[in-house]
Amino acid sequence: GLRVLKLNAVSKVCSAPITSSNQLRLLQWNILSQCLGQNNDGFVKCPEEALTWENRKYLIVEEIVRNNPDVVCLQEVDHFKFLERMLGSQNYNGIFFPKPDSPCLYIQDNNGPDGCAIFYKRDKFELINFDTRVLEVWRVQSNQVAIVANLRINESGKEICICTTHLKARNGALLSKLRNEQGKDLLRFVNAMAQGRPVIISGDFNAEPIEPIYSTVLSYKALGLSSAYADLNIKEKTNASKQCNGNATTNENSESDGGSKEDLSLAELSANSEPPYTTWKIREEGEVCHTIDYIFYSKKHLKVNNCLQFPSENEIGVNRTPSFQYPSDHFSLMCDLEFTDNSNDLI
Ligand code: NDP
Ligand code: CA
């Protein structure tokens with residue numbers, strides 16, 4: 001069914017996009033690699049037929065096109081040519097960067113390596129430049145990648161730096177440390193590419209908000225990043241409590257200017273306000289339901305107006321995802337971001 005745009009801390013009405021030259025709608029989605037989903041993931045409650053490319057491919061395209069995003073950041077793309085053809089007919093240009101040693105390549109009848117992709121509306125933006133990176137951990141290349149694209153909005157001339165990534169999967173202290181190192185490398189890469197432009201970093205970080213990478217992103221001074229979904233939830237809570245008792249204390253406008261204790265509490269507040277899940281699946285080992293996908297944005301230059309709500313537990317159904325209804329085990333994240341007045345004082 002149709003998912004609902006959560007409007008700026010007010011009602012939950014389905015709204016048509018108002019995409020002015022001062023606004024930008026971004027959709028972030030791990031679409032589930034066709035090859036891995038069908039052969040590797042072990043989604044024990046998902047009917048085999050639901051996992052076929054024939055069944056999934058138009059569900060994926062439909063979800064993207066229906067939501068009408070200006071920018072699309074995808075992970076686990078192993079059918080880039082198909083998406084490029086479909087989205088190409090809908091006013092999008094795309095960039096793809098495969099993982100150097102994608103696990104897909106070790107599966108029979110694969111469709112090539114999986115990787116990250118960025119699509120953008122070609123009538124809204126001009127591509128200034130882009131770069132790709134194999135993320136490094138302790139100066140050694142890992143098997144995870146990122147794309148950065150600098151875009152100029154034709155109508156306003158405003159520029160924005162978009163990045164997407166898919167960090168190392170699986171649990172364990174060592175892997176959570178590895179993700180943190182990949183994230184540090186990513187942030188340096190983005191900062192070097194952005195050259196002071198407003199930044200959006202979205203992706204599958206494979207890390208819950210309690211992992212070190214989450215606070216590493218939020219406390220990276222040079223970019224001043226904040227999490228879109230968490231921020232809208234905080235705003236909603238604050239407004240609700242204002243309406244209830246009139247004089248609620250709020251730290252909405254408290255500028256963090258360096259104190260690491262303050263950073264920690266801001267990161268904690270943010271972590272506590274993330275949605276309850278961005279992926280929900282059942283494997284042999286059991287059910288996995290947690291938040292590991294994010295849209296981060298530079299708070300100085302952008303504000304969040306709307307976020308796309310996640311389907312409820314009921315809508316998802318007892319067998320969770322993927323399913324005939326939901327083609328990926330991850331849900332799409334989407335938000336409307338607006339340039340603030342501060343976005344003029346750069347470059
Ligand atoms: P990652 O560990 O980052 O994960 C690869 C994919 O596996 C991701 O798309 C991830 O999805 C998915 N995944 C996560 N958890 C599970 C799970 N419990 N069961 C099944 N799939 C899961 O992979 P790397 O790119 O670092 O590559 C390493 C992997 O590739 C190894 O695990 C190895 O099996 C395979 N490989 C095999 C080789 C060989 O056969 N010779 C050679 C090289 C690699 P998500 O991000 O959505 O969680
Ligand atoms: Ca996956």
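User: How high is the mean pLDDT of the protein?
Analyst: The mean pLDDT (the predictor's confidence in each residue, from 0 to 100) is 91, and 88% of the residues reach 70 or more. This is a predicted model, in which local features need pLDDT of at least 70, side-chain atom pairs count only at pLDDT 80 or more, and totals for chains, interfaces and linings use all residues. Residues are numbered from 1 along each chain as its sequence is written, while chains are lettered from A and ligands numbered from 1 in the order in which they are written.

User: Which residues of helix H3 are buried?
Analyst: In H3, residues 80-88, they are Phe80, Leu83 and Leu87. Buried means that 20 or more other C-beta atoms, placed from the backbone, lie within 10 Å of the residue's own; exposed means 12 or fewer, and partly exposed lies in between. Helices (H or I, at least four residues) and strands (E, at least two) are DSSP runs, numbered from the N terminus.

User: Why are they on the same side of H3?
Analyst: They cover an arc of only 65° around the axis, which puts them on the same side of H3; the arc is that of the directions from the helix axis to the C-beta atoms. On the other side, Lys81 and Arg85 are exposed.

User: The predictor also scores the complex; what are its ipTM and pTM?
Analyst: The ipTM is 0.93 and the pTM is 0.92.
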